[in-house]
Amino acid sequence: MGSPIYLRRLRPARIVPYVLKKSRPKQVKAEIETADYPGVADSYLGTRVNALRKAQNADGGWPYFPGKQSWLEPTLYAALALHGQPEADRAWELVSTWQQKDGGWRPSAEVGFPHATTALAVTVAAARGEFGGPFQNGVKWLLAAAGDESEMYKRIIIRVGSLMGKVEDQRDFSLKGWPWKLETSSWVEPTSMALVALKKAAPKIPTAELRERVRMGEEMLLDVRCTDGGWNYGNRTARGDELRSYPETTGIALVGLQGRAEVGRSIDLAGKMLRETASPMARAWLTIAMRVNGIFPGPHNVNASSVDARNVDAHDSKVSPDVLITALEALGDPDGNHSLLKVAA
Amino acid sequence: MKMKRRDLFPIAGAAALAGYAAWETRRTASLRPKLPGTSAVTVVKAASYTVDLAGRMTAGIRACGLEVRGQRVLLKPNLVEFDPNTCINTNVAVIAAAYEAFSKLGAAEVLIGEGPGHRRDTYALAEMAQYRGELDKFDSLFVDLNRDDVSPVMNFADRNRIYLPNTALRADLVVSLAKMKTHHWAGATLSMKNFFGLVPGAVYGWPKNELHHVGIPESIVELNRIFHRSFAIVDGIVGMEGNGPIQGTPKPVGVLVMGRDLPAVDATCCRIMGIDPAKVEYLQMASENLGITEESRIEQRGEKIAAVRSDFQLIKQFQDLRLA
């Protein structure tokens with residue numbers, strides 16, 4: 001397993017504290033062991049990596065906000081951002097205990113049912129090169145999970161409900177996507193994350209079933225794309241009126257659809273959204289999407305030639321107290337681990 | 001896809017089951033005793049967001065007999081999406097005024113919490129809606145309820161349990177700072193429907209589709225049953241009509257509607273909007289054992305409904321909700 005580029009860059013600087021700590025009194029040692037890395041600590045990536053280290057809970061997981069309970073989603077994105085580091089190994093030890101007998105992962109220790117974030121756990125397992133039981137069972141769970149609107153009787157109920165004006169029949173319900181929670185409908189984000197996981201799993205589990213779910217999942221995402229070329233949570237219209245896309249879900253969908261020829265105009269829209277959005281989470285997702293789709297905006301998440309510099313100063317230089325955003329920003333950095341979300345064409 | 005006869009069996013079974021369940025629900029509901037007595041609802045005029053809203057709220061809260069001294073109060077605005085061309089969210093001036101009013105009335109703690117149903121970056125949304133810029137110490141007062149720590153609460157409609165944010169469960173009083181809007185599935189979204197934002201996205205996703213599968217009216221009623229220590233302040237200064245709650249158009253009404261009985265507040269709002277509350281399903285259900293919706297049993301304080309009524313445009317599917 002190769003070290004990510006940023007870790008290779010950090011490694012020489014780490015020698016200094018290790019040498020120093022031998023000759024220092026005990027009380028100083030702890031301080032040195034957690035010291036920021038000279039030279040990169042104040043970089044965009046360095047500040048985020050250090051913030052993630054500081055926010056890690058004692059149980060090895062990460063909360064959404066420092067000091068809170070550990071959750072699967074921020075833990076796994078932080079683990080990807082710190083891939084290859086001891087912190088990521090501790091996180092994996094914790095989340096391994098959250099996998100249920102059916103192969104799905106619960107979203108936190110407190111919640112008792114499996115969740116869409118199972119897809120991300122499979123992706124992290126693949127990134128770690130761990131293709132044993134937990135990975136295999138996670139893939140099985142993903143293959144068995146589908147939005148319940150794709151079941152035949154539900155499609156008929158939806159059709160009848162639509163004629164009665166009770167529900168909106170606006171998409172091809174034969175296309176199976178993934179839900180946030182079993183026995184609910186499929187939506188953009190869980191579908192996109194499941195696509196990444198299954199594409200990562202494909203070399204190890206090259207079955208027709210897996211290929212078919214990937215095909216249907218991609219078609220489902222394309223089917224719910226808004227008229228403007230982007231994605232919201234997964235509805236094109238409401239009561240006949242067109243709905244707008246959102247920048248964060250457009251980025252997420254483009255990660256799931258990476259490499260598809262049909263996303264050209266969506267990529268164009270993503271570039272526009274990246275310049276205009278005020279959401280750090282959206283900027284992080286759009287940046288990751290641009291990178292895994294082979295488009296490389298300049299440092300600090302945005303294309304330096306077209307960005308409003310004030311926007312960068314105001315938003316991108318500061319580390320967010322939101323752990324998920326910090327992890328996504330670290331992943332999206334030019335030297336970050338975004339390649340762990342990249343799948344083979 | 002061609003359908004075989006055997007495909008119809010589960011459909012017929014499901015239909016029969018659904019029919020029985022609906023009949024059983026209505027039958028048992030009709031056996032429950034109606035709540036006794038009356039409920040107070042205060043309607044105050046506020047022509048714009050620049051008038052003294054805190055003073056009006058304080059008077060309204062007192063008129064409803066609410067005591068908040070020493071209590072932990074959670075203000076729950078309606079923050080859904082942002083569109084500069086319309087008025088989707090509770091106006092920031094209403095939140096600021098409520099914060100001031102509850103603080104001055106002696107609340108031990110006043111926090112603001114919301115879990116938007118569609119957008120993942122709650123803080124960015126709060127910034128776009130001017131909450132972050134206009135409310136002092138917003139970041140230290142605000143809790144993203146989508147990603148708060150959670151605890152299970154047993155029995156939620158036909159589900160064994162629901163996970164809810166600890167900040168909301170710990171609060172002595174949840175104040176629904178709702179927006180007066182039409183809703184393209186529920187008819188109207190007011191103080192009761194606003195509690196959808198208490199359900200954590202980190203567990204149920206974006207959107208919180210579990211609530212749709214449980215049933216929108218059922219979920220509204222269940223959430224209000226769980227968070228019964230509540231108070232409502234509905235921002236009807238500028239509401240939304242037409243294809244609400246997101247794509248509708250602004251509707252200036254110039255009122256704040258307040259009360260401890262949320263079904264009574266929402267029924268009053270409906271009458272102000274020209275909607276018959278008896279035809280709004282969740283209010284029908286709520287009237288069975290959660291609150292009072294009959295006009296004759298609501299003690300109207302402040303303005304009379306007739307003095308402030310301003311019919312909201314309704315989408316064609318909800319024309320039959322119009323109040324005679």
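User: What covers the buried residues of α7(A)?
Analyst: The cover includes α6 (118-127) and α9 (188-201) of chain A. Cover here rests on contacts, meaning C-beta atoms placed from the backbone that lie within 7 Å. Helices (H or I, at least four residues) and strands (E, at least two) are DSSP runs, numbered from the N terminus. This is a predicted model, so local features need pLDDT of at least 70 and side-chain atom pairs count only at pLDDT 80 or more, while totals for chains, interfaces and linings use all residues. Residues are numbered from 1 along each chain as its sequence is written, and chains are lettered from A and ligands numbered from 1 in the order in which they are written.

User: Which residues in α7(A) are buried?
Analyst: A:Phe135, A:Gly138, A:Val139, A:Trp141 and A:Leu142. Buried means 20 or more other C-beta atoms within 10 Å of the residue's own; exposed means 12 or fewer, and partly exposed is in between, with C-beta atoms placed from the backbone. Those five cover an arc of only 160° around the axis, so they sit on the same side of α7(A). The arc is taken over the directions from the helix axis to the C-beta atoms.

User: Why would residues three or four places apart point the same way?
Analyst: Because an α-helix has 3.6 residues a turn.

User: How far apart are the end C-alpha atoms of α7 in chain A?
Analyst: They are 16 Å apart, which agrees with the 16 Å that the 12 residues (133-144) should span at 1.5 Å a residue. The expected span is 1.5 Å times one less than the number of residues.

User: What does A:Pro134 touch?
Analyst: A:Ser96, A:Gln99 and A:Ala125, leaving out residues up to four places away in sequence. The C-alpha atom of A:Pro134 is also 6.9 Å from that of A:Gly103, 31 residues apart along the chain.

User: Switching to chain B. What pairs with β5(B)?
Analyst: Strand β6 (residues 159-165) of chain B, antiparallel, over 6 bridges. Two strands pair if DSSP finds at least two bridges between them. B:Met154 has B:Arg161 in β6(B) as its bridge partner. The hairpin has 2 residues between the strands, and B:Ala157 takes a positive phi near 50° there.

User: How many residues does the contact between the chains take?
Analyst: It takes 35 residues from chain A and 32 from chain B. On the chain B side, α1 (5-31), α4 (122-128), β5 (150-156), α8 (201-204) and α9 (209-214) each supply at least two residues. That side divides into 15 nonpolar, 9 polar and 8 charged residues. Ala, Val, Leu, Ile, Met, Phe, Trp, Tyr, Cys and Pro count as nonpolar, Asp, Glu, Lys and Arg as charged, and the others, Gly among them, as polar.

User: What does the model score overall?
Analyst: ipTM 0.89 and pTM 0.87. Mean pLDDT, the predictor's confidence in each residue from 0 to 100, is 85 for chain A, with 82% of its residues at 70 or more. For chain B the mean is 92, with 90% at 70 or more.

User: Where is pLDDT under 50 in chain B?
Analyst: Over residues 23-32, a stretch with 3 contacts beyond four places in sequence. In chain A the pLDDT is under 50 over residues 301-315, with 19 such contacts.

Definitions and conventions. Contact = placed C-beta atoms within 7 Å.
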